[in-house]
Amino acid sequence: MRTDRCGDLRLTDQGRTVTLCGWVSRRREHGEHLAFVDLRDRSGIVQVVVDGAQDLRAEYVLQIKGEVRQRPNETTNESLATGEIEIEAKEVIVLSEAEPPPFPLDDRTEIDEVLRLRHRYVDLRRDRMQRNLATRAKVNSAIRSAMEEQGFTEIETPMLIASTPEGARDFVVPSRKEPGSFYALPQSPQIFKQLCMVGGVDRYYQIARCLRDEDLRADRQFEFMQLDAEASFVTQEDVLKFISYAVLSAAEKITGEQQSEIPRMSWLEAQERFGSDKPDTRFGLELEELTDVFSSTEFRAFQASCIKGIRVPNGSDISRNRLDDLTEKCKQWGAQGLVWMRVEKEELNSPVSKFLTEEEQTSLREVMKAEEGDLLFLVADERHLVRHILGLLRLEIGRPPVTEGGLNFLWVVDFPLFEGVDESGNPQPAHHPFTMPHEEDLELLEAGKLLEVRSQAYDLVLNGWELGSGSVRIHKKEIQQKIFGLLGIEAEEAQEKFGFLLDAFKYGAPPHAGFAFGMDRLTALLAGEENIREVIAYPKTQSGADPLTSAPNPIDDKHLTELGLRVLPSQQ
């Protein structure tokens, strides 16, 4: 039906007769007999000169036959790739008429998200969405090529599986054949890819669809795509190399810029310097250790196990209202309070200055390298809380927009094996229960010093977003059973839930390691978007609803009976 796409034509096509198809983006009258129509398809826009008597309205679908000609110099449009040419229409066929769209399709207009998603088929016509979906396709292609170059085999794992405890709630599917029994939709292909290693696959990858029933936010959807990979006879260093090559290849495909290596940082260093295990390293405002400065203080608020601070260069002009607002935010995050100090030439101007000795103020200025005009923020409390509060405060006052500061990838390594203890006294895994402890810390595991044990786990971070996680896996049955026992998973329960994995280990499991990262998150950052919904064709709203199809919705009683189910009244 067409010889060319609208956005592909150039001055070199002058004199050609072409056939184009697309939507009317805009129509402008030029006297009684002529009109200019901007014809749009996914490749771009081209101007068409048509008979002004024809009724061609916005979003009509047209087929146009005509000759490519050069525009007069004074009418050239430098903002369009096709801005030097236009089409002199010889024949115009209306393929489909259209009602006025429910919202403007230019990217200059902010539109209610629910309205956009209800009419997503219209929203997808916008340049922004076309660019984002094209970016996503390029990212997928680059990732696949990079993994295959490194000897990985793409394998699809099942979507209907047994429910396993992975930290988030499963979406479940009732079985018609076995009423009262359920499948689960996979939160990840974790166990299956480990079984691939037992099966001798050696290097597996998949761009996998995963589902988790957890609260939605800017970087999270119920269903998401992740690059999932696993390899045998490899170390942590090998996996970091594989994944670095893949993500940097994707970034280069989109930006055209090469980055040779991704820096790394230990989990502990990230927490101490940035108050986060996914630090945004595009800007400074790092946390400074001040505990020793106030080790002998008589100021009661600073008589704590940990004190840290942030220096904001030239921040003294921040208003008192803003300081009060930041103090209130810190309290909402769990702090008892926030101390601020304006750095002046001779003194530290603050409501608490009178409680600090001259020596303490001098030491504080020296440690924080404070200069006149700076603003200091201090928090005192338990170390984990101090880091958390200042980490959030740092982002609140300094984080740049997603489109600024470049792409700062970072590997965070040496995570703790356990992140805390639950109400029953059982440790909680920082990643998942299949993560191998650090070889040097196995003695601590035996000695019961569980919170000191490091894991062979690693996260990939980009501009403060956690792209994904990975680890060296446990491949020995006795170590896996030991970890299950520490987590409160008894042998019988472990056999019931993970028996197929534990049994597989009996038949010779190779040492193996892997990784998974979110394709939606990577694509969003490469596309300069703050929300992954902008790079997903048909996302859910923040409440989990789909305005386009009205999902989730009830099913009829006949279907429920077939499945052996009945709906109980809501307990809310």
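Helix 13 buries Met 519, Asp 520, Arg 521, Leu 522, Thr 523, Ala 524, Leu 525 and Leu 526, where buried means under 20% relative accessible area, exposed over 50%, and partly exposed in between (1.4 Å probe, protein chains only). Helices (H or I, at least four residues) and strands (E, at least two) are DSSP runs, numbered from the N terminus. Because eight of the nine residues of helix 13 (residues 519-527) are buried, this helix is largely enclosed by the rest of the structure. Gly 528 follows helix 13 and has a positive phi, near 75 degrees.

The model is predicted: local features need pLDDT of at least 70 and side-chain atom pairs count only at pLDDT 80 or more, whereas totals for chains, interfaces and linings use all residues. Residues are numbered from 1 along each chain as its sequence is written, and side-chain values use heavy atoms, with hydrogens and water left out.

Helix 7 presents another arrangement. Its buried residues are Leu 323, Leu 326, Thr 327 and Cys 330. Viewed down the axis of helix 7, these residues fall within an arc of 105 degrees and therefore line one face of the helix; the arc is that of the directions from the helix axis to the C-beta atoms. The buried residues pack against strand 14 (339-343), strand 16 (375-381) and helix 9 (383-398). On the face turned away from the buried side lie the exposed residues Asn 321 and Gln 332. Gly 334, with a positive phi near 120 degrees, follows helix 7.

Two loop residues come next. Thr 164, in the loop between strand 6 (153-154) and strand 7 (172-174), counts as buried because its relative accessibility is 9%. Leaving aside neighbours within four places in sequence, Thr 164 is in contact (heavy atoms within 4.5 Å) with Asp 170, Gln 187, Ile 191, Lys 497 and Phe 498. Thr 164 and Lys 497 are 333 residues apart along the chain, yet their C-alpha atoms are separated by 6.5 Å. His 475 is placed in the loop between strand 21 (465-472) and helix 11 (477-486), and at 18% relative accessibility counts as buried.

The cysteines remain. The whole structure contains zero disulfides, a disulfide being a pair of cysteine sulfur atoms within 2.5 Å. Cys 210 is buried, at 0% relative accessible area, and its sulfur is 14 Å from the closest cysteine sulfur, in Cys 196, too far for a bond.
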